[in-house]
Amino acid sequence: MLAAAPFSFAQTIALTEFATGFSAPVEIVNAGDSRLFVVQQSGEIRILNADRTINPTNFLTLTTATISTGGERGLLGLAFHPNYATNGFFYVNYTNTAGNTAIVRYHVSDNPNVADASSATVLLTVSQPFSNHNGGTLKFGPDGYLYIGMGDGGSGDDPGNRAQNINENLGKMLRIDVNSGSPYGIPPTNPYAGALVGNDEIWAIGLRNPWKFSFNRTTGDLWIADVGQNAVEEINKVAAPLTPGLNFGWRCYEGSTPNITSGCPAIGSMTMPIAEYNHSTGGHSITGGYVYTGSMYPNLQNKYLFADYFLNRIGIVDNTTGALSYSATFSGSSSFTTFGEDANGELYVAAAASGKILKITDTSLAVNSFDKMSFSVSPNPASSEIVLKMTHANFPAAVKIYDISGKLLSFSNVDTDHASVNTSALQSGLYVVSVTDNSGASSSVKLTIK
């Protein structure tokens, strides 16, 4: 479904500076705690703390001995293993010195703020015939598998028709099992797994250059922003449970517009975008984002936020209807390159033009939302204890834990911005932690007990 009907609150989205001093930021990731990890295309992963300070020592630095940079090449993606808190594994996507895509696993060192640079294990390499359309995002899905977005290899009109060729990993969404096999296993439900014709790693085909995809962490839905060529930028949604073997249409279609259809399968066999926009809007390069799942801005719930590198505004897609609208245009120049989601589901966006990380807010709350009482929970998932880190709270504060049916299971009062809460009596499952401070301000986050 392609829709363009506006909804009224779109103009209330605002951006508040959270941190500055970054160079070519291309990814923002959390590791399940209060930190944000900012990936710079030139090879650095930097830690941005909840108090907005940046660690002086990089989490990881990759040099020209390992990666090639410039244009669309460089260090492009970062994903933390779902069990990072216990196994310390994380994964990066970069362009190696031969110009090819490399998916590499690393391990954190004894210092939680510094990776072990010597721990690199190359899992997968994909040859790139041109320097552009490298994709770059990698994320763990709700099934625990690692998804990897691959561009079509570059140039124009996908000259090798690679995106439709099931014997090529280019122009695809790949999916691998990093918990089995050597160096990885193949999920048995991949559409070409085993003896079937086609590359085992492929999960879906028909992508041009997916510049950011994400999973709705509440529902498991997959959202893919695919950069267009001459006319159309597109957003694809795959509802959970995720269906393998989809064809998103490129190079046969650019969005829902015919492009090179000779020899293509019927359009009815392809997955068309939930939303798209034409280059006549001034946008030419979509930057994918996230469905908002945080608790601070109720108006943003169930909305997918995205941007365009050439437009200084935020786009919004209604998760249910596919309706597309935009925020007001912000002053200055931003060049939005990536969004990020913190452990509580609050959203950030990187402005490459200024080197800033900006927090997305909703001004319709009629309060200074950036200074509203909020808190984070770590670890999450947890077992016997959680630590609450609170900001802008008036103490004492009441901490309540509910099950997903709304039944109150735990109540305690805290009087410090770093408070421990015992959760040993909770069984494995999903819960909601709610904090109400002495002024009446409240906030809540989801908690998983393992």
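Student: In this predicted model, what percentage of the 450 residues of the protein count as buried?

Tutor: The model is predicted, not experimental in origin. A residue counts as buried when its relative accessible area is under 20%. Applied to the 450 residues of the protein, this cut-off gives a buried share of 56%.

Student: How many strands does the protein have beside its helix, and what is its radius of gyration?

Tutor: The protein has one helix and 33 strands. The globule rule gives 22 Å for 450 residues, and the protein comes close to that value, so it is as compact as a globular protein of that length. Its C-alpha trace spans about 65 × 50 × 40 Å along the principal axes. The answers are therefore 33 strands and a radius of gyration of 22 Å.

Student: Which residues have the most contacts inside the largest nonpolar core?

Tutor: The largest nonpolar core has 39 residues, and those with the most contacts inside it are Phe59 and Phe90. Apart from that core lies another, of 21 residues, which includes Val377, Ile386, Val399 and Leu426. For the largest core, the names asked for are Phe59 and Phe90.

Student: How far apart are the mean positions of the positive and negative charges of the protein?

Tutor: The protein has 24 positive and 34 negative charges. A mean position is taken for each of the two sets, and the separation between these mean positions is 2 Å.

Student: Is Ser214 buried or exposed, and in which strand is its place?

Tutor: The relative accessibility of Ser214 is 1%, so the residue counts as buried. Leaving out residues up to four places away in sequence, Ser214 touches Lys139, Asp221, Leu222, Trp223, Gly289, Tyr290 and Tyr304. Its C-alpha atom is separated by 9.0 Å from that of Ala225, 11 residues apart along the chain. Ser214 is thus buried, and its place is in strand β14 (residues 210-215).

Student: Which residues does Asp177 contact, leaving aside its neighbours within four places in sequence?

Tutor: Asp177 is found in the loop between β12 and β13 (202-205). At 14% relative accessibility it counts as buried, because the cut-off is under 20%. With neighbours within four places left aside, its contacts are Tyr145, Tyr184, Gly185 and Pro187.

Student: Where is Ala193 found, and which residues does it touch, not counting residues up to four places away in sequence?

Tutor: Ala193 is found in the loop between β12 and β13. With a relative accessible area of 16%, Ala193 is buried. Its C-alpha atom is separated by 9.4 Å from that of Trp203, 10 residues apart along the chain. The residues that Ala193 touches under that condition are Ile186, Pro187, Pro188 and Asp200.

Student: What are the phi values of Ala24 and Ser155?

Tutor: Ala24 lies in the loop between β1 (13-19) and β2 (25-30) and is partly exposed, with a relative accessible area of 30%. Ser155 lies in the loop between β11 (146-149) and β12 (172-176) and is partly exposed at 33%. Neither residue is a glycine, yet phi is positive in Ala24, at about 50°, and in Ser155, near 65°.

Student: What distance separates the C-alpha atoms of Ala328 and Lys446?

Tutor: The place of Ala328 is in the loop between β23 (324-326) and β24 (336-341). At 32% relative accessibility, Ala328 counts as partly exposed. Ala328 and Lys446 are 118 residues apart along the chain, and their C-alpha atoms are separated by 31 Å.

Note on methods: Residues numbered from 1 in each chain as written. Predicted model: local features only at pLDDT ≥ 70, side-chain atom pairs only at ≥ 80, totals over all residues. Heavy atoms only, no water. Core = buried A, V, L, I, M, F, W, Y, C linked by side-chain atoms within 4.5 Å. Buried < 20%, exposed > 50% of the residue type's maximum accessible area, 1.4 Å probe, protein only. Helix = DSSP H or I, 4+ residues; strand = E, 2+ residues; numbered from the N terminus. Rg over C-alpha atoms; globule rule 2.2 N^0.38 Å. Lys, Arg positive; Asp, Glu negative; His and termini not counted. Charge placed at Lys NZ, Arg CZ, Asp CG, Glu CD. Contact = heavy atoms within 4.5 Å.
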